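These are my notebook entries on one structure. I looked up local features and wrote down what turned up.

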Amino acid sequence: MRRPVRGRRLLAAGLVVLLALTGCGAFGPEPGPAGAGDGEQPRYGQAPAPGKDVTLQPDVVLVGGGSRTVRSVSPDGLTWRLDPGARDADRLAPGRVMFVTGRGVGRVLDLAEDGGDLVVTIGPVTLTEVIRDGTFGGDGIILDRPTVYVAGEPSWTRETAAAGGTLGRSRPLAVAPAQPPPAPGGQAGATAHGYRVQTFCCAGGVGTHFTYDDGGLRLAGTVTLTVGRPAASFHLAVGAGRVNRAELEIGGGFGIKVDFTAGIDGGQNHRRTFPVPVDIAFPIGLVAGLPLSFTVSQTLEVATAFGARRGTFRGAGEYALAGKLGFGYADGRVGSRVTEGFARRASLLESLTGVPVGVMGLVVRHGVRFTMGISAFLFTAGIWFELITSYGATIGSALGAPYALCRGVGLGVRARFGIGYRILEPVVQVINKFLSLLSPSRAPRIPPIVASGGPSWSADVYRNQEVIPPVSICGQLPG
């Protein structure tokens, strides 16, 4: 019996590691003046038409023509090919802010001419780098008719940056594949870091189904932020380039849900963290002349800790979480507006089964971010709220099952919220590696982008861990 006891001690140690990882009157939506927009759901977003009550920053260049000016956009969102004859396109320069459409907003890093196109490389901007003065708001926006934008296969979905594509005088400019056109509905498929992902929204919730198979390691699962009929409200007041008030609230009743199957047969453990390259957008039209959109984006992290070269492992669980999500900021004070109501609907702990030859552990972390603002994909900026749910699960070796088949679960839910943008640090490193390979055309150098812009805060929503059976060998004392 000495061998099974050792296996249980390994499980207890594994639990410690894995479970630690789970740790003002406002202008509302209005139609723009005739000819100001591009029509309903244009491919690259709606054109801006700022009203008299909105002042943009002096270095913002409104390029005329909206989506009709855009000839293509690279999958990573960095490179925009424009009609060089578009109104005010000749005013673009490194350091200025390009504003073509609601999805085409960014700091100009470099420009080049190629094949009759004006090629603009952009980086992210915060709201106050675009808006100097303005008040915006909307209440009871029903989120039931999404449009899906798929990035394609951008550089940040791969392990290392691609070396192709040069903005330079010394070498010809490579033509990047364009982003695919948007589509109605909330479902879309994509690939990232060897994973196949399928997003879905909004009947029943927002989530991602994922699969991974390298021949030795197989993973499949679905993570969902469940919700009934979501509706959003927001308010934003900017004066003299400073945010005076910002509020974002999403209602509908929220829960979290996970299921997974994991198997190893001679493979290696791994850890992957990446943004899902799909935007689920709800364009709300012109608000005080600016084309704002409510965007849902997701991130996924999967980490395995399998103590043997063979075994299988599965589980599923569901929990009620909160009535509404959101936060408020005014005059330097901020507060979370998460109405907590945690309840177990289906126990992940009791569902854990499998044929583990050794101790098996898995962490799945799912982030869902809601943003009311401008731009697209990684560069989406505005008032944002993100809910990050971490599921950690372990199961002991079946070889010791007659003594005690230990099972453990850690569940952590954390809220992050802010005004501006936030990009995963590993993704920023990939983008900056890519930018470092480009030879500038007009800029002295192409500066790296930074991972975040604007203030942000965080707060714990829920955290718990459980182990069964409640015996010391499983890392928990009886009673």
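**Entry 1: the disulfide**

I began with the link of Cys-201 and Cys-202, which is right-handed, with 65° about the S-S bond. The model is a predicted one, so I kept to its limits: local features need pLDDT of at least 70 and side-chain atom pairs count only at pLDDT 80 or more, while totals for chains, interfaces and linings use all residues. Residues are numbered from 1 along each chain as its sequence is written, and side-chain values use heavy atoms, with hydrogens and water left out.

A search of the whole structure gave 1 disulfide (a pair of cysteine sulfur atoms within 2.5 Å). The disulfide joins Cys-201 to Cys-202, with S to S at 1.8 Å. I also looked at the peptide bond from Cys-201 to Cys-202 and found it cis, with omega near 15°. Cys-202 lies in the loop between β13 (195–200) and β14 (205–213); helices (H or I, at least four residues) and strands (E, at least two) are DSSP runs, numbered from the N terminus.

Are the two cysteines buried or exposed? Cys-201 is buried at 12% relative accessibility, and Cys-202 is buried at 11%. Buried means under 20% relative accessible area, exposed over 50%, and partly exposed in between (1.4 Å probe, protein chains only).

**Entry 2: other backbone entries**

I noted a cis peptide bond from Ile-468 to Pro-469, with omega near -10°. Pro-469 sits in the segment after β29.

Why write these down? Most residues other than glycine have a negative phi, and most peptide bonds are trans.

For phi, I recorded Ala-288, a residue other than glycine with a positive value near 55°. Ala-288 is in the loop between β19 (278–287) and β20 (290–306) and is buried, with a relative accessible area of 7%. I recorded Phe-377 as well, where phi is positive, near 50°. Phe-377 is in the loop between β25 (360–374) and β26 (381–395) and is buried, at 10%.

**Entry 3: a charge over rings**

Phe-377 came up again when I looked at Arg-103. Arg-103 lies over the face of Phe-377, at 5.2 Å from the ring centre. Arg-103 also lies over the face of Tyr-149, at 3.7 Å from the ring centre. A charge sits over a ring if NZ of Lys or CZ of Arg is within 6 Å of the ring centre and within 35 degrees of the ring normal.

**Entry 4: aromatic pairs**

How many aromatic pairs does a search of the whole structure find? I got 15. Rings of Phe, Tyr and Trp (its six-membered ring) pair if their centres lie within 6.5 Å; planes under 30 degrees apart count as stacked, over 60 as edge-to-face and the rest as tilted.

Tyr-319 and Phe-342 have ring centres 5.4 Å apart and planes at 20°, so I logged the pair as stacked. Because Tyr-319 lies in strand β21 (residues 310–330) and Phe-342 in strand β23 (residues 340–346), the pair ties together parts that are 23 residues apart in sequence. Tyr-319 is buried at 4%, whereas Phe-342 is partly exposed at 28%.

Phe-327 and Trp-457 are a tilted pair, 6.3 Å centre to centre with 45° between the planes. Phe-327 is in strand β21 and Trp-457 in strand β29 (residues 456–468), 130 residues apart, and the pair links these distant parts of the chain. Phe-327 is buried at 0%; Trp-457 is partly exposed at 24%.

**Entry 5: Gln-57**

I found Gln-57 in the loop between β2 (55–56) and β3 (60–62). Gln-57 is buried, with a relative accessible area of 17%. The side chain of Gln-57 reaches the backbone oxygen of Thr-128 at 2.8 Å. That is a polar contact (N or O atoms within 3.5 Å; within protein, one must be able to donate a hydrogen and the other to accept it, and residues adjacent in sequence count only if both atoms are side-chain atoms). Not counting residues up to four places away in sequence, Gln-57 touches several residues, among them Val-130, Arg-132 and Gly-241; contact means heavy atoms within 4.5 Å.
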